[in-house]
Amino acid sequence: MHIAWERLGDEFMYDENVVIGRVDCEKEETLCHRFEVLGTPTLLYGNPNDLKEYGGDKDFPSLKAWAVEALVPACSPDNLDLCNDLEKENISQWMKLSEGEMDKLISGVKDDEEAAHKEFDAKMQELQEQYNTFNDRNTLRQARIRKEIKFLKEIRAMSKTWS
């Protein structure tokens with residue numbers, strides 16, 4: 001975890017919007033008590049007056065993916081300067097929608113998300129079935145091969161006694 005955290009710090013070293021730090025609770029007891037750090041590692045993020053605890057995997061790829069999504073400012077109605085022209089145009093159009101139209105749009109996007117999950121799950125099930133079939137065939141084949149090897153070794157041992 002320590003190495004992954006150090007790599008994450010290196011990754012965001014020059015990003016003025018993100019601070020990756022470390023606190024030694026043995027030396028900074030008051031700070032750790034203030035933020036209710038009860039064990040280590042404890043990863044906190046967000047507004048210093050309302051910190052949230054990170055609960056995901058603590059390997060570097062997981063930490064980096066989380067940091068990019070949760071910590072790095074992204075295009076939004078509040079951060080239009082981070083948007084490309086297409087994103088700005090979409091935001092402009094969406095801001096003109098009524099609440100009902102926005103609810104309908106959100107519902108449609110959620111439906112798309114659900115459909116993507118269902119498609120993924122179906123493909124994963126299909127792959128799992130293919131894997132199971134191949135694994136079963138391989139297990140039987142390996143058993144036949146081991147049996148044949150054992151049989152051949154027995155014959156070889158007997159042939160030595162015939163000589």
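View 1. C75 is partly exposed because its relative accessibility is 25%; here buried means under 20% relative accessible area, exposed over 50%, and partly exposed in between (1.4 Å probe, protein chains only). C83, with a relative accessible area of 8%, is buried. The two form a disulfide with their sulfur atoms 2.0 Å apart, where a disulfide is a pair of cysteine sulfur atoms within 2.5 Å. The link of C75 and C83 is right-handed, with 95 degrees about the S-S bond.

Keep in mind for every view that this is a predicted model, where local features need pLDDT of at least 70, side-chain atom pairs count only at pLDDT 80 or more, and totals for chains, interfaces and linings use all residues. Residues are numbered from 1 along each chain as its sequence is written, and side-chain values use heavy atoms, with hydrogens and water left out.

**View 2. The disulfide of C25 and C32.** Here the S to S distance is 2.0 Å. The torsion about the S-S bond of C25 and C32 is about -90 degrees, so this disulfide is left-handed. C25 counts as partly exposed at 21% relative accessibility, while C32, at 6%, is buried. The count comes to two disulfides, and with the bonded cysteines numbered in sequence order the pairing reads 1-2, 3-4.

**View 3. The largest nonpolar core.** A nonpolar core is a set of buried Ala, Val, Leu, Ile, Met, Phe, Trp, Tyr and Cys residues joined through side-chain atoms within 4.5 Å. The largest one has 11 residues, among them W5, L8, F12, L43, F60 and W66. Two or more residues come from each of α1 and α3 (60-70), and α3 gives the most, with four. Helices (H or I, at least four residues) and strands (E, at least two) are DSSP runs, numbered from the N terminus.

**View 4. Around L43.** Leaving aside neighbours within four places in sequence, L43 is in contact with M1, W5, K52, E53, Y54, K58 and L63; contact means heavy atoms within 4.5 Å.
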